[in-house]
2 protein chains.
Amino acid sequence: MIFSSSLLENAVNEFAKLPGIGKKTALRLVLHLIKQDVNDVAQFSNAIATLREEIRFCNRCHNIADGPLCKICSNSMRKQEVICVVENIRDVIAIESTQQFNGVYHVLGGIISPLDGVGPEQLQIDSLVERVQKENIAEIIFALNPNIQGDTTIYYISKKLKPHPVKITTIARGISFGGELEYADEMTLAKSISNRIPVENYITAGN
Amino acid sequence: MIFSSSLLENAVNEFAKLPGIGKKTALRLVLHLIKQDVNDVAQFSNAIATLREEIRFCNRCHNIADGPLCKICSNSMRKQEVICVVENIRDVIAIESTQQFNGVYHVLGGIISPLDGVGPEQLQIDSLVERVQKENIAEIIFALNPNIQGDTTIYYISKKLKPHPVKITTIARGISFGGELEYADEMTLAKSISNRIPVENYITAGN
């Protein structure tokens with residue numbers, strides 16, 4: 001791409017560094033910004049600058065926070081004794097959007113994956129064990145993606161937590177709501193049979 | 001989406017205002033930025049801020065410029081007597097990328113489209129006529145999209161330019177290079193037959 005302005009070129013190149021945004025999309029976004037009000041664009045660039053400069057991570061759950069503790073950890077209405085263990089911040093947002101969980105979180109910052117060079121020591125596992133030792137935790141719920149790495153991580157952490165009197169659960173894996181048995185993969189179908197639940201539990205949980 | 005940080009929420013909302021970017025994509029981009037170096041993010045937000053504040057439009061061709069004249073208009077190596085008339089800045093960039101045109105441009109800023117409420121007075125048509133009157137222009141090349149609005153615009157401007165001794169041409173419309181006759185629409189195929197060119201011209205133009 002050949003530009004008639006270095007300001008334009010600069011902005012397009014910066015946008016094109018973002019994941020999934022190529023030169024053409026970057027140009028479209030930049031030309032959109034040029035047409036906007038000066039104050040709106042200043043607000044946009046400010047939001048990005050302050051985000052990176054002022055963002056903090058919660059000292060307790062490692063979620064994104066504005067201060068030393070995140071909004072969820074500092075909310076006294078939430079059950080501080082139930083911890084949901086997730087891989088990353090996107091998973092926290094996904095679970096929060098269901099509005100079905102009233103406990104707190106622990107963000108591991110990844111998942112055990114030897115092939116990608118990620119071992120337990122790179123993740124927030126020690127700090128989770130410490131939380132269980134120091135705080136009065138009743139239950140740990142694993143909400144990790146259902147794959148080998150997720151299962152490895154659950155196994156590793158469960159073993160570390162064994163000496164502590166804490167209930168350990170994982171989110172249910174089975175046929176998606178609205179899904180069809182016919183098209184489900186064998187692994188999921190097999191797991192959903194072996195992990196079958198009493199209908200009375202299912203009906204209560206649904207309400 | 002429920003966020004644990006207002007800085008995060010703010011940045012996601014700002015990104016989601018961009019065209020074609022939804023909340024999920026915005027979140028992905030913001031989480032990417034959080035992981036980048038502070039200086040890189042500052043550079044990104046700076047590029048956007050200075051773009052909108054300092055961007056100018058060329059006094060002559062209305063293309064984006066860093067100063068009073070754009071890089072193309074102020075380049076003495078380009079034929080200032082050949083003007084290519086385009087709808088918008090994206091078209092300038094598309095033509096520049098071919099590296100086949102060595103003249104200058106005139107950006108109309110839109111196209112005559114009564115249905116969208118765009119009339120000739122909203123476009124840079126008077127300034128084009130003025131350029132033809134004042135500068136020593138040899139040729140006007142219309143590079144507008146081949147549709148009713150494009151043709152209307154060409155017709156309107158050509159009529160305005162009639163009193164002036166300037167050659168008026170339009171870019172060729174026909175079957176795309178690499179395209180197949182079988183799949184071309186009737187209109188394009190019909191036009192490509194009625195506007196056929198002598199093979200000797202075609203071969204010369206190809207080299």
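1. Two strands pair if DSSP finds at least two bridges between them. With that term in hand, the following points describe a predicted model.

2. The sheet of chain B may be taken up at once. In chain B, 4 strands make an open sheet, ordered β4-β3-β5-β6, and their pairing is parallel. Two of these strands, β4 (104-107) and β6 (167-170) of chain B, are the edge strands, as each pairs on one side only. On average, and with direction ignored, neighbouring strands of this sheet are turned by 25° against each other.

3. Strand β3 (residues 82-86) of chain B pairs with β4(B) in the parallel sense, over 4 bridges. Which residue of β4(B) does B:Val86 stand opposite? The residue facing B:Val86 is B:Val107.

4. The domains of chain A come next. The domain assignment divides chain A into domain 1 (6-54), domain 2 (77-171) and domain 3 (173-207). Between the C-alpha centres of domain 2 and domain 3 of chain A there is a separation of 23 Å.

5. The last point concerns the two chains together. Contacts link 49 residues of chain A with 49 residues of chain B. On the side of chain A that touches chain B, the elements giving two or more residues are α1 (6-16), α2 (23-35), α3 (38-54), β2 (64-65) and α4 (89-98) of chain A. Of these, α3(A) gives the most, with 14 residues. By class, this side of chain A holds 30 nonpolar, 10 polar and 9 charged residues.

Methods: Residues numbered from 1 in each chain as written. Chains lettered and ligands numbered in written order. Predicted model: local features only at pLDDT ≥ 70, side-chain atom pairs only at ≥ 80, totals over all residues. Domains from an automatic or database assignment. Contact = placed C-beta atoms within 7 Å. Nonpolar A, V, L, I, M, F, W, Y, C, P; charged D, E, K, R; others polar. Axes fitted to C-alpha atoms, helices over the stretch in contact; angles between N-to-C directions.
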